[in-house]
Amino acid sequence: MTIAAGDISVAGGEERQLSRSINWTGAFWVASGVPPLVLFSIGGIAGTTGTVAFAIWAASMFMGFLQSFIYAEIAGLFPNKSGGASIYGAAAWVRYAKPVAPLSVWCNWFAWSPVLSLGTSIAAGYILTAISPDAASALRTWTLFTGSLGPVSFSFNAAFFIGAALMLMTFWIQHRGILDTANTQKFIGLLVIIPLAIVGIAPLLQNGVNWANFTPFVPLAEAYKPEPGSWNIAGWTLVLGGMFIAAWSTYGFETAVCYTSEFKDPRKDTFKAIFFSGLLCIGFFVIVPFTFQSQLGLTGMLETPIVDGSGVAAALAHMVGGGPIIENALVMLMILALILCLMTAMAGSSRTLYQGSVDGWLPKYLSFVNHNGAPTNAMWTDLAVNLVLLAIACADATSFFFILAVSNCGYIIFNFLNLNSGWIHRIDNGHIDRPYKAPTVIIAIGTIFAFVNAVFMGAGAKVWNPMALWAGLITAALIIPVFLFRHYVQDKGKFPAKMLEDLGVGEQNAISQRKAGILPYLTLLAGVATVLIANWVFQL
């Protein structure tokens with residue numbers, strides 16, 4: 001395999017490609033938008049699980065960190081590919097079932113892309129609260145049009161238009177290419193990460209730990225109600241629901257390997273990017289929820305502004321103290337933190353679409369790259385889809401968490417396929433040099449975690465919406481007709497030569513070699529069975 005960036009043809013015969021312009025620190029700063037993802041669901045997880053919430057965040061982060069070593073290994077196999085772990089995992093599955101490979105890419109995209117709509121809806125809510133604290137004010141209740149769509153509502157309200165403006169600003173920054181994006185994120189990241197660390201540490205230093213807020217260590221008897229429950233089926237279902245939704249945030253630093261084809265030295269930069277991003281996330285996803293629970297207690301965490309997310313920034317700022325000026329400044333920094341999330345999401349998800357198109361999984365138009373080396377057609381697609389989702393997310397908390405849960409179904413499917421791709425690559429591509437090789441025990445643990453994640457989805461998705469699991473599975477299946485059109489209509493049943501070259505096979509018929517035998521097929525069947533059994537066993 002070569003180290004050249006994957007180039008593509010565009011109109012007029014001009015060759016454009018993603019530019020090798022950053023090192024691991026650039027990817028680290030782009031991925032620094034992951035820690036603020038704690039703001040998305042810290043209130044929701046606290047409201048559904050109660051005093052065990054802090055442990056859920058810590059356990060989820062521990063799982064995500066161990067899983068990242070597998071992603072670091074498979075990323076090193078493809079130093080000229082962009083798009084992240086789903087692209088590298090898809091290369092393992094394509095030999096066994098062609099539609100499974102684009103399923104991995106698609107699920108990763110619709111898991112990451114809604115960060116744009118969900119993040120802008122939260123940021124818009126923070127801005128509106130700062131401008132007009134009264135929830136019944138004309139500004140916060142105004143809407144141009146509202147309605148319902150199946151299990152969700154939608155609204156073109158003030159939050160929608162503010163969120164749309166934030167999306168367009170993010171698009172403008174991303175349009176200038178990955179180097180400018182990384183530099184911008186470094187600046188915003190320094191403004192955000194340090195204050196977020198202060199929010200996590202300062203209250204503990206000032207007030208100590210209120211251990212009474214961590215007992216009794218049992219899940220709630222019922223979501224959003226203060227009565228303690230027990231470790232029965234209903235209690236475990238709520239906990240698994242917390243683990244399910246936490247994974248969407250805590251596993252997210254794997255986006256650091258989205259930029260492999262843009263690294264100056266992918267052999268060294270890939271592992272460093274994901275490892276140090278993981279260390280950063282461990283600090284935030286463990287400390288911030290712990291401090292949050294220590295300061296607010298169960299009653300405080302169950303208040304409506306905390307559960308729906310609109311009051312999280314104000315609560316975190318109030319924990320630090322310092323008066324109205326300091327608190328308002330911290331709220332503004334939380335808004336910047338969400339903008340950081342938006343930039344991370346658009347940078348990663350657009351490159352997933354781009355590389356999926358280059359590899360023959362997704363429609364051809366997504367492989368267009370502008371003169372700055374940015375995948376602008378993929379970015380426009382992200383923008384259009386998320387404007388629709390933004391109208392839903394801005395309607396109410398139920399609609400917000402429905403989008404989040406459906407999105408996370410895709411993320412769990414992606415993780416299942418890619419954690420298993422680690423051992424498939426070991427069998428099929430064992431002869432290929434690896435810049436980083438994870439310990440075999442980590443590969444084994446990752447395989448176990450793949451099925452544990454499947455339990456989270458089967459058991460926990462219903463906590464957030466009774467239809468979330470089935471809507472997530474239907475959304476995942478939408479890629480099948482898209483792939484069939486691209487592969488059999490546009491490409492006449494053949495994969496692009498570049499994709500085969502990256503696989504290290506070089507010939508069309510070599511893609512059929514399957515050294516793992518029936519094991520991948522048995523894995524898929526076992527995964528489906530795990531989800532269905534978990535959904536049947538765990539009930540509220």
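**Entry 1: the hairpin**

I began with Thr-143, whose bridge partner in S4 is Asn-157. I then looked up Thr-146, and its bridge partner in S4 is Ser-155. Strand S3 covers residues 143-149, strand S4 covers residues 152-157, and five bridges join the two, which run antiparallel. Two strands count as paired if DSSP finds at least two bridges between them. S3 and S4 form a hairpin with two residues between them. In the turn I checked Gly-150, which has a positive phi of about 65°.

I note the ground rules here. The model is predicted, so local features need pLDDT of at least 70 and side-chain atom pairs count only at pLDDT 80 or more, while totals for chains, interfaces and linings use all residues. Residues are numbered from 1 along each chain as its sequence is written, and side-chain values use heavy atoms, with hydrogens and water left out.

**Entry 2: the whole chain**

I looked up the helices and strands: the protein chain has 21 helices and four strands. Both are DSSP runs numbered from the N terminus, with helices (H or I) of at least four residues and strands (E) of at least two. Of the 540 residues in the protein chain, 63% are buried. Buried means under 20% relative accessible area, exposed means over 50%, and partly exposed is in between (1.4 Å probe, protein chains only).

The protein chain exposes about 19000 Å², and carbon and sulfur atoms supply 70% of that area. The areas come from the Shrake-Rupley method with a 1.4 Å probe, and for residues only the protein chains shown count as cover.

I also looked at contacts, meaning heavy atoms within 4.5 Å. Among those between residues at least 6 apart in sequence, 81% join residues at least 24 apart.

**Entry 3: the core**

Which residues have the most contacts inside the largest nonpolar core? They are Leu-37, Leu-39, Phe-40, Tyr-126, Phe-244 and Trp-361, in a core of 173 residues. Helix H16 (residues 397-428) gives the most to this core, with 17 residues. A nonpolar core is a set of buried Ala, Val, Leu, Ile, Met, Phe, Trp, Tyr and Cys residues joined through side-chain atoms within 4.5 Å.

Leaving aside neighbours within four places in sequence, Leu-37 is in contact with Trp-112, Val-115, Trp-248, Ser-249, Phe-285 and Cys-341.

**Entry 4: aromatic rings**

Rings of Phe, Tyr and Trp (its six-membered ring) pair if their centres lie within 6.5 Å; planes under 30 degrees apart count as stacked, over 60 as edge-to-face and the rest as tilted. By this rule I have 30 aromatic pairs. One of them is Tyr-411 with Phe-414, a stacked pair at 5.5 Å centre to centre with 20° between the planes. These two residues are about one helical turn apart because they sit three residues apart in helix H16. Both Tyr-411 and Phe-414 are buried.

I also found a cluster linked by ring pairs: Phe-54, Trp-211, Phe-214, Phe-217, Trp-231, Trp-236 and Phe-290.

Helix H10 (residues 233-250) has 18 residues, which should span 26 Å at 1.5 Å a residue; its end C-alpha atoms are 25 Å apart, which agrees. The expected span is 1.5 Å times one less than the number of residues. H10 is mostly covered, with 15 of its 18 residues buried.

Pro-216 is in the loop between helix H9 (178-207) and H10. The peptide bond from Thr-215 to Pro-216 is cis, with omega near -5°. Tyr-224 lies in the loop between H9 and H10 as well. Tyr-224 is not a glycine, yet has a positive phi of about 70°. Is Tyr-224 buried or partly exposed? Tyr-224 is partly exposed, at a relative accessible area of 34%.

Ser-113 lies in the loop between helix H5 (100-112) and helix H6 (115-131). With a relative accessible area of 2%, Ser-113 is buried. Apart from neighbours within four places in sequence, Ser-113 is in contact with Ser-349, Asp-382 and Asn-386.

Lys-492 is in the loop between helix H19 (479-490) and helix H20 (497-503). Lys-492 has a positive phi, near 55°, and is exposed, with a relative accessible area of 64%.

Lys-498 lies in helix H20 and counts as buried at 18% relative accessibility. The C-alpha atoms of Lys-498 and Val-358 are separated by 8.1 Å, and the two residues are 140 apart along the chain.
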